[in-house]
Amino acid sequence: MSALGAKPAAAGGMDPMASAIGVVILLVVIAATYMLAGTGMALMALIGVIVGGVLVGFGVHFVPVGGAPAAMGQAPGIATGVAMLAAGAGLAGLFGGAWAAGQGLVIAVITGGIGGGLMMAITCMFVNFIYVFGMGIPSASGKVAKDPITGDTQAEFKSQGTEGHGLPFISYVGGVIGGTLGGAGGTLIYIMLLDIYQAELPAMMDALPAQILPIAVSLAGIFAIGMFLVNAVLAAYNITGTIEGPHDPKFKRFPRAIVASAVASAVCGMVAIMIVAI
Amino acid sequence: MSVKVEVIEGGVPHNTILAAGLVASLVCIYLSYASTFLGAPWMAFFGGLAAVAALVWGSHTIKHLCSYGIGTGVPSAGMMAFGSGVIAMLFATKFGIMAPIVAVVLAAVIGAILGFVANNILNMRIPVMIMSLVEMAIIGALVLMGFSAQIAGTFELMGLLSGSISILGLSLPSYQVSLIGGCLIATAFMLGGIAIQHPFNACLGPSWTQDRMLYLAAECGFLSMIPVAVMSMAIIPMGPALLSLIVALIGWYYTYAKYIELSKRDAYDWLDSKPIPELEGH
């Protein structure tokens, strides 16, 4: 009766025509930013934002998102939606990276990655504690016969009528990789925007750089959160809600998510940069 | 009852809600601009009312989109709305009095591109996807602009970036005591995000009724308006901030009472029980 539980019939393949239009939009946005802003710095910032957005969109594919079936122990993964998980991992990474923003780009991005990965590692561990000791179910994947890393067989642990349950080792590893990529991507977006705001805002506001710092940090932060959520939700649309981790067949859909994230980040990034550049 | 979730039976058609929400929201945002002529931002509470109008429209758009089964849960649509809306809204504030109009146009462009990306590149193939994401981006931008106007008393970029702090009777300009410098906008972002995703998430199901969901949306909007009014005390004078708080409390109480009444109407039966039973009955 209800269409709410139904999954849309998203095919695995890419639509070449739509992807071509997407790439054209991407190139037009990059060219327009260069023409309007007229500085190499704005262009570099936009490229950084696009790379960051792609990292976020790609990273979401690794995270074992279980949704409501996982909460009932009928599917593997963490029992919540992509938007919540990605926001948690990405914002944890963003806060970590923002602390290290003064240490230079590389250290800040790595710190952000570690922050996101740590957050996912802790989440996955306690999710498994609750599954194993609280709900009394073993961890088993329904999508593969053997765990690709440990080689453990899965079928004998899987309950009948379910798609697997708990958080198998590969899903845990996927969660940590996804959190790391997401945190690093979110931090890269933040650092790129922070740099351009710190450079441009003093002239625009006619104030000292030290006075401008809270505004630059806040603007970069809110734009980074906005872009992070847009990319995470687009990636969630790509995997139609649930995924087990990197071993899931849905993982092979990631190329179109990369195109999608690049286009979305380019459009949002251009607007975010134009707020100071024109 | 055999009402199908995916079909809106009876009630107000979606396009009417769209038009009413858009017009009411824009008019209320512009009414908040009138405080420029009053000396103090007495009209700031109209910003909150604009946000409530947009949220009511937004909850219906989410119903429209999510009845196709996007597979990612209802909250993701709200996050998408505000993620794209905040970008359009902040850029639009550069344009002074034209800001609300620019925000609507720019949000529509961003929403259309995101809709194209989701529908064609990601192969979602949902008929209302592009239109819904356009609406969601506009709603996100209008809600944030409304809350910003309520907190800062203005929707112009300079007013949002800089505030004033009084030390020993001297009024000094300060960038930290402002909507963006203090990052109050992040709180407004989440308050709006929660308010937009909750109504349909709470009311969906076979016994969904339109008026109940819309009252819940208004209730969530006024509930978010209460902390926004409290935050505005830091930036605008106490009088207008208290006025916003009173308007929000009255609006919240009315819509909450109405929602409870409609819930009892739609329920098969109801029983007033204590929240925590005193004795475990085995």
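# Helix packing and chain contacts

User: Which hand does the crossing of H5(B) and H7(B) have, left or right?
Analyst: In this predicted model, the axes of H5(B) and H7(B) come within 10 Å and cross at roughly 130 degrees. The two helices are therefore oblique to each other, and their crossing is right-handed.

User: How many nonpolar, polar and charged residues does the contact of H5(B) with H7(B) have?
Analyst: From H5(B), the residues B:Val143, B:Leu144, B:Phe147, B:Ser148 and B:Ile151 meet B:Leu184, B:Ile185, B:Ala188, B:Phe189 and B:Gly192 of H7(B). Sorted by class, that contact has no charged residues, with the others being 8 nonpolar and 2 polar.

User: How are H1(B) and H2(B) oriented to each other, roughly parallel or roughly antiparallel?
Analyst: Helix H1 of chain B covers residues 14–33 and helix H2 of chain B covers residues 45–66, and their axes lie 8 Å apart at an angle of about 160 degrees. Angles over 145 degrees count as roughly antiparallel, so the relation of H1(B) to H2(B) is roughly antiparallel.

User: In what hand does H1(B) pass H2(B), and into which classes do the residues of their contact divide?
Analyst: H1(B) passes H2(B) in a left-handed crossing. Among the residues that make the contact are B:Leu18, B:Leu22 and B:Cys28 on H1(B), together with B:Ala50, B:Ala53 and B:Trp57 on H2(B). The residues of this contact divide into 14 nonpolar, 7 polar and no charged.

User: Which hand does the crossing of H7(A) past H3(B) have, and how many charged residues does their contact have?
Analyst: H7(A) passes H3(B) in a left-handed crossing. The residues that meet include A:Phe223, A:Gly226 and A:Val230 in H7(A), and B:Met80, B:Gly83 and B:Ile87 in H3(B). By class, the contact of H7(A) with H3(B) has 11 nonpolar residues, 4 polar residues and, as for charged residues, no charged residues.

User: Which element gives the largest share of the side of chain B that touches chain A?
Analyst: Between the chains, 45 residues of chain B are in contact with 55 residues of chain A. The elements that give two or more residues to this side of chain B are H3, helix H4 (99–121) and helix H7 (184–203) of chain B. By class, this side has 29 nonpolar, 12 polar and 4 charged residues. Its largest share, 11 residues, comes from H3(B).

User: Which residue of chain A is in contact with B:Ala88?
Analyst: Neighbours within four places in sequence are left aside here. B:Ala88 is then in contact with B:Ala103, B:Leu106, B:Ala107, B:Ile110, B:Ala137 and B:Ala141, and also with A:Val271.

User: What is the phi of B:Arg125 near, in degrees?
Analyst: B:Arg125 has its place in the loop between H4 and helix H5 (129–152) of chain B, and with 15 other C-beta atoms within 10 Å this residue is partly exposed. Most residues other than glycine have a negative phi. B:Arg125, a residue other than glycine, has a positive phi, near 55 degrees.

User: Where is B:Cys183 found, and what is its phi near?
Analyst: B:Cys183 is found in the loop between strand E2 (170–174) and H7 of chain B. This residue is partly exposed, with 19 other C-beta atoms within 10 Å. The phi of B:Cys183 is positive, near 55 degrees.

Definitions and conventions:
Residues numbered from 1 in each chain as written. Chains lettered and ligands numbered in written order. Predicted model: local features only at pLDDT ≥ 70, side-chain atom pairs only at ≥ 80, totals over all residues. Left-handed = near helix turned anticlockwise from the far one by under 90°. Helix = DSSP H or I, 4+ residues; strand = E, 2+ residues; numbered from the N terminus. Contact = placed C-beta atoms within 7 Å. Nonpolar A, V, L, I, M, F, W, Y, C, P; charged D, E, K, R; others polar. Axes fitted to C-alpha atoms, helices over the stretch in contact; angles between N-to-C directions. Parallel < 35°, antiparallel > 145°, perpendicular 65-115°, else oblique. Buried ≥ 20, exposed ≤ 12 C-beta atoms within 10 Å, placed from the backbone.
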